[in-house]
Amino acid sequence: MKLIITGGCGFIGSNFIRYWMDKYPDDEILNLDKLTYAGNTNNLGDYTKKENYCFYHGSINNPKILDNILSRNIDCIVNFAAESHVDRSIDNSNSFIESNFLGVHSILEAILRNKKQLRLVQISTDEVYGSLELESNDKFTENRILSPNNPYSASKAAADLLVKSYVKTYGIDACITRCSNNYGPNQYPEKLIPLMVKKATSNEFLPLYGDGLNVRDWIYVLDHCRAIDCVIRKGKTGEIYNIGDNNEISNKDMVKKILRILGKDESLIKYVEDRLGHDRKYAISYDKINKDLGWYPEFDFNTFFEKTIKDMSSLY
């Protein structure tokens with residue numbers, strides 16, 4: 001296969017490229033990345049030296065670059081390219097609309113323009129579903145009505161709807177994946193886990209929004225990559241697949257867990273003013289991808305979470 005990976009120098013994208021090239025060493029990877037602040041070619045290490053890897057520096061909003069890459073015999077596009085930090089979207093949403101919505105439109109139009117028969121996998125997020133009540137036992141399913149509560153999740157929800165419309169109207173072969181929070185190597189230190197590890201390692205205060213009881217589901221990034229692999233190979237056109245691991249934990253307990261692993265005192269936790277529109281709880285059901293595609297998470301949370309924290313701390 002020959003795959004275009006957009007945003008392949010970011011956290012999840014770089015892990016996916018490493019995963020794919022290890023599992024399918026004869027396949028060709030074309031990595032298109034704008035190299036914004038969160039993208040780093042070092043995330044790919046020696047993989048960039050492999051003969052079956054090619055890097056394109058540019059934006060998914062650039063039709064000339066897309067047309068150039070699509071002139072190759074492409075089998076699949078996996079779109080990781082996105083602005084993803086909620087806090088940044090609240091401060092200024094312009095780049096989120098440009099990348100997360102208009103960028104997806106640019107990809108869809110390029111597929112039509114070049115009349116390519118390929119599969120598009122749009123990497124979305126569980127945040128498009130909105131928020132659950134803290135006491136609720138409900139989980140997000142693929143049939144849940146979208147109810148995004150911040151500019152980031154709204155831009156991703158809009159892109160999902162756009163993809164579905166192109167499947168229905170133009171017959172494009174596309175699937176959408178919505179995953180819970182990822183942890184693992186190469187994550188930029190503005191996100192919860194690497195930020196807390198960095199600050200704890202330096203004995204700085206760890207800022208925790210509100211009461212710290214907001215709940216998230218966590219999955220190891222390579223389990224996410226395995227799920228995307230299943231969707232590429234076996235997913236049904238037009239379908240949405242939730243990806244999760246049933247590791248629901250409050251931000252407060254997550255930070256305490258990090259401190260225990262690092263041997264730091266909980267007195268480093270500092271509660272700060274809650275962020276605007278802060279979703280209370282995410283919990284995701286992966287029953288559909290398990291039943292239809294046979295995927296299930298393999299990486300033990302406690303084992304690989306501890307490994308992630310210790311590996312991160314060695315960098316700071």
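Is the crossing of helix 6 and helix 8 left-handed or right-handed? Helix 6 and helix 8 cross in the right-handed sense; a crossing counts as right-handed if the near helix is turned clockwise from the far one by less than a right angle, and left-handed if anticlockwise. Please keep in mind that this is a predicted model, in which local features need pLDDT of at least 70, side-chain atom pairs count only at pLDDT 80 or more, and totals for chains, interfaces and linings use all residues. Residues are numbered from 1 along each chain as its sequence is written, and side-chain values use heavy atoms, with hydrogens and water left out.

**The sheet**

- An open sheet is built from 7 strands with parallel pairing, in the order 3-2-1-4-5-6-10. (Strands are DSSP runs of E with at least two residues, helices are runs of H or I with at least four, and both are numbered from the N terminus; two strands pair if DSSP finds at least two bridges between them.)
- Strand 3 (53–57) and strand 10 (240–243) each have a single partner strand, so they stand at the edges with one side left without a neighbour in the sheet.
- From one strand to the next, the twist averages 20 degrees.
- Strand 1 (residues 2–6) runs parallel to strand 2 (residues 28–33), joined by 5 bridges, and Thr 6 stands opposite Leu 32 in strand 2.
- Strand 5 and strand 6 also pair in the parallel sense, over 7 bridges, and Leu 120 has Ala 174 in strand 6 as its bridge partner.
- Strand 6 is largely enclosed by the rest of the structure, because 6 of its 7 residues are buried (under 20% relative accessible area, with a 1.4 Å probe and protein chains only).

**Helices across the sheet**

- Helix 2 (residues 63–70) lies across strand 1, strand 2, strand 3 and strand 4 (76–79), and runs at about 180 degrees to strand 2. (Angles run from 0 to 180 degrees between N-to-C directions, and axes are lines fitted to C-alpha atoms, for helices over the stretch in contact.)
- Helix 5 (residues 151–170) lies across strand 5 (119–125), strand 6 (173–179) and strand 10, at about 155 degrees to strand 5.

**Helix against helix**

- Helix 6 (residues 192–201) packs on helix 8 (residues 251–262) at an angle of about 45 degrees, with the axes 10 Å apart.
- That angle makes helix 6 oblique to helix 8 (under 35 degrees is roughly parallel, over 145 roughly antiparallel, 65 to 115 roughly perpendicular, and the rest oblique).
- Among the residues in contact are Leu 192 and Ile 193 of helix 6, and Met 254 and Val 255 of helix 8; contact means heavy atoms within 4.5 Å.
- The contact of helix 6 with helix 8 has 10 nonpolar, 2 polar and no charged residues. (Ala, Val, Leu, Ile, Met, Phe, Trp, Tyr, Cys and Pro count as nonpolar, Asp, Glu, Lys and Arg as charged, and the others, Gly among them, as polar.)
- Helix 1 (residues 11–23) and helix 7 (residues 221–234) pack at about 65 degrees, with their axes 9 Å apart, and are therefore roughly perpendicular to each other.
- Helix 1 passes helix 7 in a right-handed crossing, and their contact has 10 nonpolar, 2 polar and 4 charged residues.

Definitions and conventions:
Buried means under 20% relative accessible area, exposed over 50%, partly exposed in between (1.4 Å probe, protein chains only).
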